[in-house]
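The following exercises concern a predicted model. Each task is followed by a solution in steps.

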Amino acid sequence: MKINSKYPFVVILSKIVSGFFLKPRDMATVLLALIRGTFNIVYFRLARRNVRIRFPFFVYQKVTILGRGKVFIDRYCSIHPNVFHGLCIVTYSSWAEVKIGKHCSLGGLTVRCHNKVEIKDRVMTAYSLVQDSFFNHLEMLTSKTHDKTELNPGSICIQDNVWIGSHCCIIQESFIGEDSVIATGALCLGTSVRPFHLVSGSPSIRPVMIEKILGLRR
Amino acid sequence: MNTRDLFAKIRGRLFKARCRVFRKNIIVGHNLMIYRKLDVRGPGRIVIGDNCKVYGVRGDFHQYVTLYTHRPDAFIRIGDNVNLFGARISACFAITIGNAALIEESGIADSDFHSIDRGRESPENEVKEKCEVVLGNRVSIGSRSIIMKGVQIGDDTIVGPGSIVTRTLPARVFAIGNPARVLSRTESKGETIIEIR
């Protein structure tokens with residue numbers, strides 16, 4: 001039973017009321033998560049001016065946000081535990097920018113941003129790594145053969161309704177289209193994925209159209 | 001100098017003094033800087049070179065550098081100017097890391113530790129010549145990668161994040177994937193095409 005309302009208070013009230021009738025214990029955990037989320041919002045508002053999280057924010061597992069870059073998390077995001085990890089966002093430079101959209105379910109996601117990471121609405125994540133560059137400490141790279149411009153941090157854009165599987169790594173300059181699915185253990189290395197495709201493999205090549213997979217079932 | 005660097009230097013000096021008194025099997029070079037916990041266990045020999053830096057993983061407070069040896073004749077040799085960011089190194093035979101390497105949040109293991117038999121005992125047929133791990137000079141290993149037994153990585157090689165290295169890699173290549181394959185990239189007008197050699 002979903003109530004789409006402009007006022008967050010009405011939505012939360014409806015959730016609480018339905019939970020009270022169906023499962024009182026779950027309602028308690030939801031309320032506790034909301035309170036914990038509110039504490040997080042207030043802490044980041046006061047202590048770190050570069051982090052902005054919008055109410056309501058449901059936190060079931062620890063949230064760690066480090067670094068001087070800008071972080072913005074939109075409404076109704078929830079952090080469930082996944083492989084015992086909560087959300088971890090680390091920005092490595094002051095011009096780094098991380099934007100997360102509405103209604104995201106962020107499990108054990110680790111975001112390491114040097115340049116720009118944008119995650120749009122309704123994205124589901126698991127224990128995975130979204131990293132803007134190959135190496136977090138590029139200045140310590142001493143290998144002489146490779147052209148360092150190839151290893152420069154890119155920007156990652158993950159569109160609406162993407163499902164990021166477990167134990168996968170999304171590295172450097174990826175663009176993942178709407179409704180796509182990233183399989184477990186995949187490695188997206190500078191790939192651009194078209195909308196509604198399935199990405200698998202390490203490194204991932206040849207994303208498969210999901211329509212075809214659904215067609216095979218019938 | 002930063003206070004952080006100062007504390008790291010002090011921690012390094014304390015670690016070196018502790019090793020000299022209590023653990024004579026660990027030899028530490030000059031100017032070791034420890035920013036997050038360095039955990040060393042086991043009866044084997046460990047030699048750490050000069051100017052090494054030991055960091056943790058930024059954002060995850062539970063990860064630190066571990067250098068474990070499982071046998072008295074095991075040997076870990078870390079070269080000069082090596083940066084370890086939460087590397088987990090576990091040796092049964094010998095692991096050698098060259099100079100100026102950069103190792104991020106990955107695991108290096110010298111052995112399978114268990115056999116595929118039902119009893120899961122120590123694996124047979126594991127000999128030092130087959131299982132030792134050698135990383136060359138100026139090697140860079142990305143996050144969340146695993147380097148398995150018997151792997152020799154040449155100088156100046158870059159191993160990308162999330163890769164699992166099962167075979168020897170030559171020098172001056174870029175390898176990524178599970179299993180790690182050498183990659184040659186050609187970019188054309190915004191869409192990256194990756195060929196696998």
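**Exercise 1. Describe the contact between chain A and chain B.**

Solution. Begin with the residues taking part: chain A contributes 37 residues to the contact and chain B contributes 36 residues. Next, consider the area. The size of an interface is often given as the accessible area lost when the parts come together. Between chain A and chain B, about 3,100 Å² is buried, and carbon and sulfur atoms give 61% of this area. Finally, look for charged pairs across the contact: the count between the two chains is one salt bridge. The side chains of Arg112(A) and Glu105(B) meet in a salt bridge, with an N to O distance of 2.9 Å.

**Exercise 2. Determine how helices α1 and α2 of chain A are arranged, and which residues join them.**

Solution. Two packed helices are described by the angle between their axes and the distance between the axes. Helix α1 of chain A spans residues 8-22 and helix α2 of chain A spans residues 24-47; their axes come within 6 Å and cross at roughly 150°. An angle over 145 degrees counts as roughly antiparallel. The helices α1(A) and α2(A) are therefore roughly antiparallel to each other.

The second step is to list the residues that meet. From α1(A) come Ile12(A), Ile16(A), Gly19(A), Phe20(A) and Leu22(A), while α2(A) supplies Pro24(A), Met27(A), Leu31(A) and Leu34(A).

**Exercise 3. Trace two open sheets of chain B and identify their edges.**

Solution. Strands of a sheet pair through backbone hydrogen bonds, either parallel or antiparallel. One open sheet of chain B has six strands in the order β1-β4-β7-β10-β13-β16, with parallel pairing. Its edge strands are β1 (26-28) and β16 (152-153) of chain B, each of which pairs on one side only. Within this sheet, take one pair in detail: strand β4 (residues 45-48) and strand β7 (residues 75-78) of chain B run parallel and are joined by four bridges. Ile48(B) has Ile78(B) in β7(B) as its bridge partner.

Another open sheet of chain B also has six strands, in the order β3-β6-β9-β12-β15-β18, and its pairing is parallel. At its edges stand β3 (38-41) and β18 (164-165) of chain B; each has a single partner strand, so one side of each is left without a neighbour in the sheet. Strand β12 (residues 107-109) and strand β15 (residues 146-147) of chain B pair in the parallel sense over two bridges. Here Ile147(B) in β15(B) is the bridge partner of Ile108(B).

**Exercise 4. Explain what the salt bridge of Asp74(A) ties together.**

Solution. Over all chains, the structure holds eight salt bridges. One of them is formed by Asp74(A) with Arg54(A), whose closest N and O atoms are 3.4 Å apart. Asp74(A) lies in the loop between β4 (70-73) and β5 (77-79) of chain A, and Arg54(A) in the loop between β1 and β2 of chain A, so the pair ties together parts that are 20 residues apart in sequence.

Technical notes: Residues are numbered from 1 along each chain as its sequence is written. Chains are lettered from A and ligands numbered from 1 in the order in which they are written. This is a predicted model: local features need pLDDT of at least 70, side-chain atom pairs count only at pLDDT 80 or more; totals for chains, interfaces and linings use all residues. Side-chain values use heavy atoms; hydrogens and water are left out. Axes are lines fitted to C-alpha atoms, for helices over the stretch in contact, and angles run from 0 to 180 degrees between N-to-C directions. Angles under 35 degrees count as roughly parallel, over 145 as roughly antiparallel, 65 to 115 as roughly perpendicular and the rest as oblique. Contact means heavy atoms within 4.5 Å. Two strands pair if DSSP finds at least two bridges between them. Buried area is the accessible area (1.4 Å probe) that two parts lose on being put together, summed over both. A salt bridge is a side-chain nitrogen of Lys or Arg within 4 Å of a carboxyl oxygen of Asp or Glu.
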